[in-house]
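Student: Hi! Could you show me how to read the features of a model like this one?
Tutor: Gladly, let us look at it together.

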Amino acid sequence: MDDRLPFPSGALLVSCQAQPGNPLHGPVSMARMAAAAAAGGARAIRANGPADVAAIRSEVDLPVLGINKVFGPDGVFITPTFEDAAAVVRAGAAMVAIDGTARPRPGGGSLGDQIRRIHAELGVPVMADVDDLAAGTAARAAGADVVATTLSGYTGGPAPEGPDIGLVAELVTRLDCPVIAEGRYRSAEDVRAAVDAGAYAVVVGTAITNPMAITTRLAKALS
Ligand SMILES: CC(=O)N[C@H](C=O)[C@@H](O)[C@H](O)[C@H](O)COP(=O)(O)O
């Protein structure tokens with residue numbers, strides 16, 4: 001267990017998110033999803049927005065890694081500002097994940113400033129969701145407690161099919177903090193490979209909590 005983190009090494013974290021347009025969108029469905037994940041052995045829940053975070057906290061006895069997705073013109077959408085982070089921490093998140101890429105941030109603030117304010121005013125650890133090694137190194141230098149591969153494949157060109165285990169391995173070699181594997185993990189082999197590459201923990205979302213996306217993928221395989 002790393003003292004900075006509310007979950008142990010080797011943990012499976014389950015991301016319970018459903019965007020508008022998904023019939024499971026909303027705090028009631030997400031809290032039930034989180035309860036199912038908890039019963040199956042998840043050690044923490046990643047959840048989006050204050051309403052879902054609060055509902056999950058009231059139903060499930062697991063730490064919540066909060067994010068707050070806000071879609072704007074800049075491309076940065078995972079907890080883009082301090083205020084977005086504060087909203088999910090006030091709703092009960094024990095930790096917050098924020099965009100850790102090198103892209104310009106709304107309002108022109110720096111990643112380091114956002115992390116410093118979260119530490120000073122909210123008192124929770126910060127996970128930086130990055131897309132490559134340079135962003136991971138910069139995010140750690142800017143004060144991130146943990147770095148995750150969440151945005152690999154999503155900042156240019158079409159996203160690949162599988163997870164970016166190579167980036168996990170590179171970050172583990174270069175950083176002096178826990179590295180979290182996240183993004184397109186679907187199978188037992190995938191999650192095992194991430195831990196074998198040195199990941200502290202693995203976050204799985206779609207493959208567990210998005211039956212609409214799973215159905216689309218399998219139906220496409222038959223068409
Ligand atoms: C790129 C982006 O927006 N990622 C989001 C971050 O919270 C979520 O939509 C993902 O579901 C989450 O990262 C888990 O990944 P996957 O669903 O592939 O297991």
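Student: Let me begin with two helices: at what angle do the axes of α3 and α4 cross?
Tutor: Axes are lines fitted to C-alpha atoms, for helices over the stretch in contact, with angles from 0 to 180 degrees between N-to-C directions. Helices (H or I, at least four residues) and strands (E, at least two) are DSSP runs numbered from the N terminus. Here the axes of α3 (residues 82-90) and α4 (residues 111-122) cross at roughly 35° and come within 10 Å. The crossing of α3 past α4 is right-handed; that is the clockwise case, while a near helix turned anticlockwise from the far one by less than a right angle gives a left-handed crossing.

Student: Which residues make the contact?
Tutor: Two residues are in contact if their C-beta atoms, placed from the backbone, lie within 7 Å. From α3 come F82, A85, A86 and V89, and from α4 come Q114, R117, I118 and L122. Six of the contact residues are nonpolar, one is polar and one is charged. In this scheme Ala, Val, Leu, Ile, Met, Phe, Trp, Tyr, Cys and Pro are nonpolar, Asp, Glu, Lys and Arg are charged, and the others, Gly among them, are polar.

Student: How far can I trust this?
Tutor: This is a predicted model, where local features need pLDDT of at least 70 and side-chain atom pairs count only at pLDDT 80 or more, while totals for chains, interfaces and linings use all residues. Residues are numbered from 1 along each chain as its sequence is written. pLDDT is the predictor's confidence in each residue, from 0 to 100. The protein chain has a mean pLDDT of 97, with 100% of its residues at 70 or more. For the complex, the predictor gives an ipTM of 0.99 and a pTM of 0.97.

Student: What about α5 and α6: is their crossing left-handed or right-handed?
Tutor: Right-handed. The axes of α5 (residues 133-141) and α6 (residues 165-174) come within 10 Å and cross at roughly 35°. L133, G136 and T137 of α5 meet L167, E170, L171 and R174 of α6.

Student: How many strands does the barrel have?
Tutor: Strands of a sheet pair through backbone hydrogen bonds, either parallel or antiparallel. Two strands count as paired if DSSP finds at least two bridges between them. Here eight strands, β1-β2-β3-β4-β5-β6-β7-β8, form a closed barrel with parallel pairing. From one strand to the next, the twist averages 25°. β1 (residues 11-16) pairs with β8 over four bridges, and L12 stands opposite V202 in β8. β1 also pairs with β2 over four bridges, with S15 opposite R46.

Student: Which residues are closest to the ligand?
Tutor: A residue is near a molecule if its C-beta atom, placed from the backbone, lies within 6 Å of it. The ligand is surrounded by 16 residues, and the closest are S15, Y154, R184, G205 and T206. β8 (201-204) and α8 (206-209) are the elements giving two or more residues to this shell. By class, the shell has eight nonpolar, six polar and two charged residues.
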